[in-house]
Amino acid sequence: MAAAETDREVPSALCSEFLQFSAKDTAAKWLQANDLPKEVYQHLARYVPKIYCLGPNLNPQSEDLLAQLLLQAPLEWYLCGEEPSTGLAKLEQNNQPSQLCGHVFKVGEPTYSCRECAADPTCVLCMQCFLGSVHKEHRYRMTTSGGGGFCDCGDTEAWKKGPYCQKHEPNISDSLQEDPLANLSADMIARTYNIFSIILKYAVDMLTWDKEDELPQGLEPPERGDTYYCMLFNDEVHTYEQVIYTLQKAVNCTQKEAVSFATTVDRDGRKSVRFGDFQFCEQAKSVIVRNTSRQTKPLRVQVMHSSVVAHQCFALKALAWLGHIIRYSDALRRILCQVGLQKGPEGENSSLVDTLMLCDSKMWKGARNVYHQLFMSSLLMDLKYKKLFAIQFAKNYERLQSDYVKDDHDREFSITDLSVQMFTVPSLARMLITEENLMTTIIRTFVDHLRHRDLQGRFQFERYTAQQAFKFRRVQSLIGDLKYVLISCPTEWTDKLREKFLEGLDGFLELLKCMQGMDPVVRQVGQHIEMEPEWEAAFTLQMKLTHIISMMQEWCASDERVLIEAYKKCLTALTHCHSGFTDGEQPITLSMCGHSVDTIRYCVSQEKVSIHLPVSRLLAGLHVLLSKTEVAYRFPEQLPLSELSPPMLIEHPLRCLVLCAQVHAGMWRRNGFSLVNQIYYYHNVKCRVEMFDKDLMMLQAGASMMDPNHFLMIVLSRFELFHIFSSADCRKRYNRENANKDVVQQNSTLIEEMLHLIMMVVGERFASGIGQVENSDELKREIVHQLCIRPMAHSELVKALPENENKETGMERVIDSVASFKKPGVTGRGLYELRPECAKQFNLYFYHYSRADQSKAEEAQRKLKRQNGEDSALPPPALPPFCPLFASLVNILQCDVLLGMLGAVLQWAVEPSGGHWSESMLQRVLHLIGMALLEEQQQLESSCEDNEVTFNFTLKISRPGEAPSNTPSVLALLETLQNAPHLEVHKDIIRWILKMVVNIKTMRERTAAAPSPEGSGHCQEETVRDKDKAERKRKAEMARLRREKIMAQMSEMQRHFINENKELFQQSLEELDASTSTSQDHSPSSWDSALVCVGPRRWRAGGGERRQVVTCILCQEEQEIRSDGRAMVLAAFVQRSTVMSKNRRRPPHNPESYDPLFMHPDLSFGTHTGSCGHIMHSHCWQRYFEAVQAKEQRRQQRLRVHTSYDVENGEFLCPLCECLSNTVIPLLPLAKTSCSSEQPGLSQWLNTTSQQIKTLHAAHRKAKSATAGETQTLEDSPPPEGFRLDHTPVNPYSSSIKEMLTTFGTATYKVGLKVHPNEQDPRVPIMCWGSCAYTIQSIERLLVDEEKPLFGSLPCRQDDCLSSLARFGSACWTVSCLSTVQTHFIRLLAALVPNPQVENSPCLLDVDMFHLLVSLVLSYSAVHCLDSSGLSVDAAQLHFFHLVTVAHLVQILLTSVPVELTMDQESGGVEREEEEGVCLFYNILKTHLGSSLPEMSSGWHLWRCVKASILPYLRGAALFFHHLNGVPTPPELHALGAGEWEALCTYLCLPSNLLQLYYNYQDVLKPLVKGWCSHPGMRQCLQSPETLISFPRESNKLIELPEDYSALINQASSFTCPKSGGDKSRAPTLCLVCGTMLCSQSYCCQTELEGEDVGACTAHTFACGAGVGLFLRVRESQVLLLAGKTKGCFYAPPYLDDYGETDQGLRRGNPLHLCRERYRKIQKLWRQHSITEEIGHAQEANQTLVGIDWQHL
Ligand SMILES: [Zn+2]
Ligand SMILES: [Zn+2]
Ligand SMILES: [Zn+2]
Ligand SMILES: [Zn+2]
Ligand SMILES: [Zn+2]
Ligand SMILES: [Zn+2]
Ligand SMILES: [Zn+2]
């Protein structure tokens, strides 16, 4: 191939050129040049193609190096006029840097905003600036950056306070802003200008170049070969998988290469996938296009000449170079800005910057990124040019947005994304509005893109195609821009600003007009609608605009003239919308209670009605502002008040509210879910501020200008209830004649809804402008009512309140004023509880309650009142007075129409059989009466003496009803109802009402006579005192209730041991467990003076063996544990573990060849066995497991869902507690041993044993050679007395127990070694002993870490598990090959007692002594069973124990003695004897090993070191022998504290001076110790300190986490993917076990594990945690638990905000701090090997977790 040849030639050619090249000379030549651009272009044309893009395998380093030497160096020489390094240093020195930080954020980097001082939420600081700023003491918000954007430190407009951090604080000297160019020589300026113009122009030309085979003039290469690239471009249409698949086909690459191509294309926007001659590339292109054209459009591919690609590469480098150079000097930066913004030859908008912007959507991602970065570091960092750039940006705005809408790249890759950097600067925004009419431009552009309208010109989203929907999504970013522009409300207005803002408002009203009445609905009768109409688009628009509408109102409110003009414009717009409002409608006249009004005939249930009324709602908002700012009173003449037609104003909002009522009443069921959803959003917290709330305001505005009777009649008419209340005998007749139950039900609901509406119109006065309230009162009331439902967490509360993302609402302060905070425990979250004194503000008919909220709140509040010993009435709360503009609304409460309605409902209630009234109807009527009475009382209280209170509700309700005449008065009806038996629930409120009436009458009389204010004051005082008393009583009562509840819970838990609500109760359960375990322990009734657990003197159960009876959880039958009985088993879970590993770098063993007989003291891999403690018959369990298997098989056939457990691997859930298990342990009785006579001492016993071993050895060899057919005569050593090789031991176990022994042994072997099950494998018993030892060691560690005593604190399930494990260990030889176990024993013993027939015994330092002890003891039975001489097992156990203990002493002294001793030596200690003994012993060792051991003279230190180091071993041994031999434990070991040592030594039959062990048996031990020390491996071990394990082994901890979460985010943001050179990782994930940061959930870091591709986390768990892992996903603030390849779950992180809540997903952005308690809880989960179990429980609780591909994380 031709291409390959050129490949090899060019570099050598270049080499010679390179040697001759001088940057200095080239620059000198340029200085002389007449036509500099031409010269430079010639240079570039010559060198660029020789450096860049020379073949398929590019070498970026050498490209960069050559580019630096041949291309950039001459530029720099020319620029500086001298050696660049000197010149640039000078520039830097003279530079006076600007105060802006301008740090550009990387993806995932933390950003901070101050909630108190930021001008708007887009103002952010980088971490460095934040830490050096005043805001770190304020309430701040932390988020992770999506990339792009920069630090606003130093921008005085961005911060209300503290705009500079310490680093960017301006000096006084350079505070006067001088021209940066002043410091530069004219020469330098000219040169800079020249070279910048050429290079920038070159880069712009190249990046916007669209020809594939040609170059711009002057750049044509001197020689051009047939070398091309096949360039693949990114799009957002095709998926990764499609691209990878296509590439494999098209360019014949491996999957790995294809993945790498696809990754680069996604990141950089393009990538050459093939290099070669034109044909070769064309061919690849056609394959790609053909393969991807089946989707919407094919992938974009270009075949480009290599020189074009080369120049484009360098163009990017050149831009980066410019960005780099201007960092040296603000002056250079300014020149670059000047060059960039200079008008080109084509005039307006033709500068290089314009050219780039206008080509933005045509460039590939990588190019866009580079030039955006340059813009940010140049134009946006220079205050003068930022303004000029902003103007150009605004001029091009429409074009840029249109390009963006058509482009398919995300917004972060579009130039339009820079808008936030300019529009949020208030001065720039204001300037752009006035100079460039930006507001109007944005709105017009937006409206232009939404062209789909109906006949009335309203938006129509119904028939949107997918493409239009896509476009609709993209144009929404324009709303974002509008929001930026409006974000800060002006403090000063100019006439120009007024003019332009109002012009913008005109545009905005045009937009709203297109929305007024859109998506209308008509009630469906008869049939259900056929298709749910589209409604979401309209609501999306509404939601997006909500904040804009609110901000528009804010702007209007800040200037009276603007407000008045806006009001007029809005009214005109509304009038325009309503033109034709009464067309064709017949006016009708309504009459009732002596009043009549004209209105139109309109039925919501029959005609079109729309929920979208933004114009009306904006007017309502402005109306309230008029009232609030009092413009209405000061300039009434300027207002078009006379043009207002109140009936017109209320008409549409009323229809909308009636629609909601009718939907509630079930009248619109046939209209389907789309309507239900719309109604839901209408009231939802996201929309209601500019929907429901404003409709209500409009009703209030309209009603305040109308006769209340007229208003109510119109309301009745729209509710279609007028006929009911207007009929003359409505009190009698209602519903009697109506037989249709549905209609009756509907009407009842409608009446309820209407009464509620009246309450709201009169009672909702908490918006400032309607009532006389502070701004915070509205918020306070919302919070009070949320907390009346129940105590809430901070985030819940925030979610329930309308968000105001633009402004700090000071919400926290308000919350604190009405609620008290209750801290969270180890689980759960902090909660806010309503302060008791705020409960009186509770309004049952609060307008933002949903029906569910209302009933919950009612229940909670009634309960509260009962607890306080009060009556259960929930009367309306006192209300603030109305503002004057709305004052007349109170008259609704006493108008004739309302009284008529109230009387009617009461009358229906008096005659319960008479009509179909409802209780909630009555409840509302009573509430309304209460409101009226409160109003009257308040007016009376606040009235001056001479002012008569005109509001006289008490008088009116005392009058008899009018129609029909002589009906009872409202008051009389109430008195009747008071005693009605069917109204028990309402009695309290009626009593309250009647008392109020009496009170008011008294007040009226008193004011009429002589006012005595003291009287009422006294009365208040008394009630205060009463209240205090009641409060105390309530608290006492609550405490009692709480106690009772806890007691009840406890007994409940004792009865059922069920793991529901496990997390909540776990702690108490464990405590409970512990207490039961101690009480039912095999404790003797009286304490033996010396309990000993091992050796011939050990404690034995007196008077016959105790029987142990257990109950099977499956069949509930009782069963005694006997060797010959039916087997009973414990559900168990065996897992591999590295929890105690001291060497995580040790590579995993080869499972086939690994010999596990000796555990290394680094404990790098162990096998842990745990159990939930639930006992079953083995046959019951087998039947259960078979059923699970069968069920699983059926399920897999039916649907391919996984379960949380892997049946094929033997996993199942405990049938009782659903704990994950994978095998069962048989329960065995204690071995029977008899206390025999005199036992031999150590040396004699050792003798006997070695003889036995010798005999066995010979026998084994004989057997081996016999099978091999050899006939070799071997000298038989005579067996010791009583040792009979031909003896066949009796297997004491029943067949079912034997079967279970095999089951558990095989399971431990299979899991522990990760091999296929093989019950014949000689390693089976070894694995069982190992698991027993490892489990005991891990439990011993856990007890130390939890600071619990050795005995008595374990839950009984763990006790049971340990006993079973130990006894199983001593029995498992019975199901193995006897000679195998004997061989194991022989090899084990040989590690301590040299045996010439055993080769390769390990060095003492390579053996974990506890494992050795356990294995020796448990394997000995296989030898002992042949002995009938009367040697006791107990004696053997004790000898093993003493031997291993001495070996461990040696091990400790050799490895764990500190080299340097700085501590003061304590002299004259009580343990003088021990200290001397240990010194002596140490010196013996030293004589054996010489200089390998440090000099030690302090016995005190040595002894302390030995004691501390050997303690874990002794504690483990105590646990082991206790469980093996069933010996009760001494009380000293049930408590923490001193005396543990002595108690342990006694219990273990050890002298408390351990050295005596050695001195007592010196004759035997001396040669042994010498032998150990002279083991060939010894010196090598001692000389490699990195692998040497010293004692005591510290417990492993999870890694330290920083206190402040942002430190982690920062750490993660600088973490790069280890595989794809320098890329940011998308999901950085921290291993909590070893602290490694991983690139999770990403293609780049997938590796192959056991033939499957797995993610970085899964791969890591196999190396670090034997398959189990514990991670923190840093971006998500979430703990990830993994086990194996298929199991995983998420877990709450140990980071909490100040409100005691976690922030999974980092959505809220509150500062997060480490909660040590929670972290400890996670650590405990890990240490006690419960991660897999936790995952199991999580997956059982949440089935969606099962479906996640955990192995890809
Ligand atoms: Zn900064
Ligand atoms: Zn700063
Ligand atoms: Zn601040
Ligand atoms: Zn059973
Ligand atoms: Zn269980
Ligand atoms: Zn990666
Ligand atoms: Zn790790």
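# Briefing: rings, zinc sites and buried parts

The charged end of R655 lies over the ring of Y602, 3.4 Å from the ring's centre. A charge counts as over a ring if NZ of Lys or CZ of Arg is within 6 Å of the ring centre and within 35 degrees of the ring normal. This is a predicted model, in which local features need pLDDT of at least 70, side-chain atom pairs count only at pLDDT 80 or more, and totals for chains, interfaces and linings use all residues. Residues are numbered from 1 along each chain as its sequence is written, chains are lettered from A and ligands numbered from 1 in the order in which they are written, and side-chain values use heavy atoms, with hydrogens and water left out.

**The whole chain**

- The chain has 61 helices and 25 strands. Helices (H or I, at least four residues) and strands (E, at least two) are DSSP runs, numbered from the N terminus.
- Of its 1753 residues, 57% count as buried. Buried means under 20% relative accessible area, exposed over 50%, and partly exposed in between (1.4 Å probe, protein chains only).
- Among contacts with a separation of 6 or more, 77% join residues 24 or more positions apart. A contact means heavy atoms within 4.5 Å.

**Zinc ion (ligand 5)**

- Four residues coordinate the zinc ion (ligand 5): C1172 (SG), H1174 (ND1), C1214 (SG) and C1217 (SG), at 1.9 to 2.3 Å. Donors are N, O and S atoms within 2.8 Å of the metal (3.2 Å for Na, K and Ca); water is not among the atoms, so sites may look incomplete.
- The site is tetrahedral, with angles of 108 to 112° among the four donor atoms. Four donors count as tetrahedral if all angles lie between 85 and 135 degrees.
- The donor residues follow the spacing C-x1-H-x39-C-x2-C.
- Both C1172 and H1174 are buried.

**Zinc ion (ligand 2)**

- The protein donors here are C129 (SG), C153 (SG), C165 (SG) and H168 (ND1), 1.9 to 2.3 Å from the zinc ion (ligand 2).
- Their donor atoms subtend angles of 101 to 114°, so the arrangement is tetrahedral.
- Along the sequence the spacing is C-x23-C-x11-C-x2-H.
- C129 also coordinates the zinc ion (ligand 1), which is 4.2 Å from the zinc ion (ligand 2).
- C165 is buried at 2% relative accessibility, and H168 is buried at 9%.

**Aromatic rings**

- The structure holds 50 aromatic pairs. Rings of Phe, Tyr and Trp (its six-membered ring) pair if their centres lie within 6.5 Å; planes under 30 degrees apart count as stacked, over 60 as edge-to-face and the rest as tilted.
- Y52 and F314 form a tilted pair, 6.2 Å centre to centre with 40° between the planes.
- Y52 is in the loop between α3 (36–51) and α4 (60–80) and F314 is in helix α11 (residues 306–325), so this pair ties together parts 262 residues apart in sequence.
- Y52 is buried at 2% relative accessibility, and F314 is buried at 0%.
- Y680 and Y681 pair edge-to-face, 5.2 Å centre to centre with 80° between the planes. Y680 is partly exposed at 49%, and Y681 is partly exposed at 25%.
- One aromatic cluster is formed by Y371, F375, F389, F393, Y397 and F423.
- The charged end of R474 sits over the ring of Y404, 4.2 Å from its centre.

**An enclosed helix**

- Nine of the 11 residues of helix α61 (residues 1731–1741) are buried, so the rest of the structure largely encloses this helix.
- Its buried residues include I1731, E1733, H1737 and Q1739.

Key. Four donors count as tetrahedral if all angles lie between 85 and 135 degrees; four count as square planar and six as octahedral if opposite donors are over 155 degrees apart and all others between 65 and 115; anything else is irregular.
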